[in-house]
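Please read the points below with the coordinates open beside you. They are set out as a colleague's note, one topic to a point.

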Amino acid sequence: MTSAFTERSHAVLYRKYRPKPCSMVINKILEFLKEKKKTPFISAVDVACGSGQSTPVLGEYFDSVLGCDISEAQINEATKTNTAPNIKYCVADAEHIPVADNSVDLVTCSQAAHWLDIPAFCKEVDRTLKPFGCLAIYSRLRNGQKFLHENAEIATRLTDVFMKFRYDTLKDYWEFPVKIHDDIYTQDLQIHFSDCQRHIVDEHSDLSLSELIGYLETVSAYQNYHKEHPEDDILKDLQDKYVQITFNFV
């Protein structure tokens with residue numbers, strides 16, 4: 001598992017700006033699990049949970065949920081905001097989940113499988129799952145993202161600026177797993193479990209400009225760029241372009 005998200009300052013940004021999973025995705029996971037197992041569901045593990053974006057939603061459906069991440073800083077942030085008595089967090093990597101054999105109904109991994117050693121992870125999942133337990137891996141696809149606006153030309157220009165920032169400005173700062181992210185999730189995620197299903201869900205997110213800039217500050221490529229060029233305020237430049245397009249459009 002990568003250590004790209006282990007710094008405390010990064011973890012704080014992660015907790016503040018990373019979005020929660022789409023409810024449609026969670027519903028798909030639960031529907032699949034219900035086909036295999038009877039309710040009530042007892043236990044779930046959320047692997048590579050970060051600062052707790054995807055873990056709390058599982059607490060509504062399971063008696064106990066464990067969120068684990070390799071980053072102590074991320075786990076500290078997750079613990080700070082946790083008020084649910086049935087949710088716990090711990091530092092652990094995806095290949096060494098700290099639970100007993102055959103003890104878990106569901107293992108999830110949100111937006112992190114591209115960083116993992118998948119064969120080793122699947123072996124560990126196989127150890128932890130109960131009979132008919134399920135593994136759910138999901139992420140937001142990078143290609144095809146676009147801005148929506150009541151003015152189609154503004155939407156196009158906003159999208160173009162975003163894509164130029166992602167694929168030109170940050171081009172040399174994406175780690176290899178992120179570069180092939182969409183291929184991994186749509187084609188090449190090799191797992192050995194039977195009865196696998198793949199779904200693509202359309203998601204629309206309403207973000208303010210400050211929330212979007214905050215989110216971009218969390219991505220690994222920006223963090224890599226900023227370490228090499230701390231004097232360059234490329235997010236401020238991007239924000240200014242968005243303001244100019246939106247408010248000075250002719």
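1. Basis of the values. This is a predicted model, in which local features need pLDDT of at least 70 and side-chain atom pairs count only at pLDDT 80 or more, while totals for chains, interfaces and linings use all residues. Residues are numbered from 1 along each chain as its sequence is written, and side-chain values use heavy atoms, with hydrogens and water left out. Helices (H or I, at least four residues) and strands (E, at least two) are DSSP runs, numbered from the N terminus.

2. Helices α5 and α10. Helix α5 (residues 152–169) packs with helix α10 (residues 234–247) at an angle of about 165°, their axes being 10 Å apart; such axes are lines fitted to C-alpha atoms, for helices over the stretch in contact, and the angles run from 0 to 180 degrees between N-to-C directions. The two helices are therefore roughly antiparallel, on a scale where angles under 35 degrees count as roughly parallel, over 145 as roughly antiparallel, 65 to 115 as roughly perpendicular and the rest as oblique. The crossing of α5 past α10 is right-handed, a term used if the near helix is turned clockwise from the far one by less than a right angle, with anticlockwise giving left-handed. On the α5 side the contact (heavy atoms within 4.5 Å) is made by Ile154, Arg157, Leu158, Val161, Phe162, Phe165 and Thr169, and on the α10 side by Ile234, Leu235, Leu238, Lys241, Tyr242, Ile245 and Thr246. These residues divide into ten nonpolar, two polar and two charged, where Ala, Val, Leu, Ile, Met, Phe, Trp, Tyr, Cys and Pro count as nonpolar, Asp, Glu, Lys and Arg as charged, and the others, Gly among them, as polar.

3. The nonpolar cores. Which residues have the most contacts inside the largest nonpolar core? They are Phe165, Leu170, Leu216, Leu238 and Tyr242, in a core of 24 residues. At least two residues of this core come from each of α5, α8 (209–218), α9 (220–228) and α10, and α5 gives the most, with six. A second, separate core has 23 residues, including Val47, Ala48, Val125 and Leu129. A core here is a set of buried Ala, Val, Leu, Ile, Met, Phe, Trp, Tyr and Cys residues joined through side-chain atoms within 4.5 Å; buried means under 20% relative accessible area, exposed over 50%, and partly exposed in between, with a 1.4 Å probe and protein chains only. Leaving aside neighbours within four places in sequence, Phe165 is in contact with Leu170, Leu216, Ile234, Leu235 and Leu238. In soluble globular proteins, nonpolar side chains tend to be buried together.

4. Two further helix pairs. The axes of α8 and α9 are 5 Å apart, and the packing angle is about 75°, which makes α8 roughly perpendicular to α9. In this pair Leu216, Glu217 and Thr218 of α8 meet Ser220, Tyr222 and Gln223 of α9, a set that divides into two nonpolar, three polar and one charged. Helix α1 (residues 8–17) and helix α3 (residues 72–80) have axes that come within 8 Å and cross at roughly 40°, so they are oblique to each other. Arg8, Ala11, Val12, Tyr14 and Arg15 of α1 make that contact with Ala73, Gln74, Glu77 and Lys80 of α3, giving four nonpolar, one polar and four charged residues.

5. Leu66, in strand β2 (residues 62–69), counts as buried because its relative accessibility is 16%. Not counting residues up to four places away in sequence, Leu66 touches Ala44, Val45, Asp46, Lys88, Tyr89, Cys90, Pro98 and Val99.

6. Backbone geometry to check. Most residues other than glycine have a negative phi, and most peptide bonds are trans. The peptide bond from Thr39 to Pro40 is cis, with omega near 5°, and Pro40 is found in the loop between α2 (23–36) and β1 (41–47). Ala48 has a positive phi, near 55°, and is buried at 12% relative accessibility. Phe132, in strand β5 (residues 129–138), also has a positive phi, near 70°, but Phe132 is exposed, with a relative accessible area of 62%.
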